[in-house]
Amino acid sequence: MSTVTDQFRTVFGEEPEGVWESPGRVNLIGEHTDYNNGLVLPIALPQRTYAAARRRADGMLRLTSTAGGDVVEVALHDIAPGVPESWGRYAAGVLWALREAGYLVGGLDIAIDSTVPIGAGLSSSAALEGAVAAAASDLFGLGLLADDSTRATLASLCQKAENVIAEAPTGGMDQAASLRCTEGHAILLDCRNGHVSQIPFELTRHGLVLLVIDTKAEHANSDGQYGKRRAACERAAALLGVASLRDVPYSHLGQTLHKLEHDPELFTRVQHVVSEIQRVRDTVEALEAGELAEVGLLFTASHLSLRDDFEVSCEELDAAVDAALEAGALGARMTGGGFGGSAIALVPERLVPGVEKAILASYERKGFRKPAFFLATPAGGARRTE
Ligand code: GLA
């Protein structure tokens, strides 16, 4: 990636020792289930974040980005919750988490460039963490890119960076997708034990594509709503006497909800999480059986559950889903944390122009910002580029 290398040279006046890349993701299904020890099914995107890096001997971390802004500079021993400020904490947090876990990691100069749209709910932060983690692992000889089990370790350290240093109470899906996905597959991640199964995700032979609609609507994980949903799930689990909502079997959903009838908020949150985990299982089964129409129905059911029960959708996401379905998509849903960001639609290839047109027309009618579209294909996880 010459852009990121140029940036490195211009700002630091030296050659980087290498360039590493890590992808953004879209989650096919299994939303707000990761922090409930549930199941998720993301794919990694061809869109990536690149990190050009070089070791330093003085224990300092310096960061620059092609997106502009000042160089972020912090001593490794000063990294703490909220320090450094702004985007730099996602990168610094990774070095902090590696050191906390006992890995011998020193200072670095890092230049960042990214093709993952920022604020689109496509995990630009996990892509940044993954690229820095990959660079640190190689440059300090940690060997954490070696196989899926070492990548799982790296993913959980990236999650720790995000939770502790970036102070975002997210689950582990995004980091796992960025580090553990393989080309042509979605990963079925069991968040209870970290186990990953590679699920072939091939749409072309069905004449289908996965259309991503970036709504361009405001989106922030840290505005409190995400944390509130997570706290409600934890409250519900405590009330039900289970370690996490994963421990409520789908076959017991009816009787479990009966116990929550006095609390409409917890009732709907539990209804979403438990049914969504089952939809992940059903989606994998439908994918394996080649029943793509069924996958579409599950996508749409997931959206309705997120909209009505978990209440994390927004007008722009709903409008994209509605217009896509009206124009012939087999299914559509919001993806990621919600409150803005992106939606996905499973669309017969020949209907893509019509679906895009319908969404654009609906957005114009409603006075929303113009959305952006791209077709998502399942790519591989973090690796060394140069
Ligand atoms: C965000 C978080 C993930 C996950 C999703 C919702 O993307 O970073 O951990 O909780 O929201 O599924």
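Reader: How far is an oxygen atom of the ligand from an N or O atom in the side chain of D174?

Author: In this predicted model, the distance between an oxygen atom of the ligand and an N or O atom in the side chain of D174 is 2.6 Å. Taken alone, the ligand exposes 300 Å², and 98% of that is buried by the protein. D174 is also among the closest of the 13 residues that surround the ligand, together with E31, H32, D34 and Y226.

The side chain of R25 has an N or O atom 2.9 Å from an oxygen atom of the ligand. With G171 the backbone takes part: one of its N or O atoms lies 3.0 Å from a ligand oxygen atom.

Sorted by class, the shell around the ligand holds 6 polar, 4 charged and 3 nonpolar residues. Both domain 1 (2–200 + 379–384) and domain 2 (204–375) supply at least three residues each to that shell.

Most peptide bonds are trans, and most residues other than glycine have a negative phi. The peptide bond from V83 to P84 is cis, with omega near 0 degrees, and P84 is placed in the loop between β5 (72–75) and α2 (88–100). S123, a residue other than glycine, has a positive phi, near 65 degrees. The loop that holds S123 runs between β6 (107–114) and α3 (124–139).

Terms used. Residues are numbered from 1 along each chain as its sequence is written. This is a predicted model: local features need pLDDT of at least 70, side-chain atom pairs count only at pLDDT 80 or more; totals for chains, interfaces and linings use all residues. Side-chain values use heavy atoms; hydrogens and water are left out. A residue is near a molecule or strand if one of its heavy atoms lies within 4 Å of it. A polar contact is a pair of N or O atoms within 3.5 Å; within protein, one must be able to donate a hydrogen and the other to accept it, and residues adjacent in sequence count only if both atoms are side-chain atoms. Accessible areas come from the Shrake-Rupley method with a 1.4 Å probe; for residues, only the protein chains shown count as cover. Ala, Val, Leu, Ile, Met, Phe, Trp, Tyr, Cys and Pro count as nonpolar, Asp, Glu, Lys and Arg as charged, and the others, Gly among them, as polar. Domain bounds come from an automatic or database domain assignment. Helices (H or I, at least four residues) and strands (E, at least two) are DSSP runs, numbered from the N terminus.
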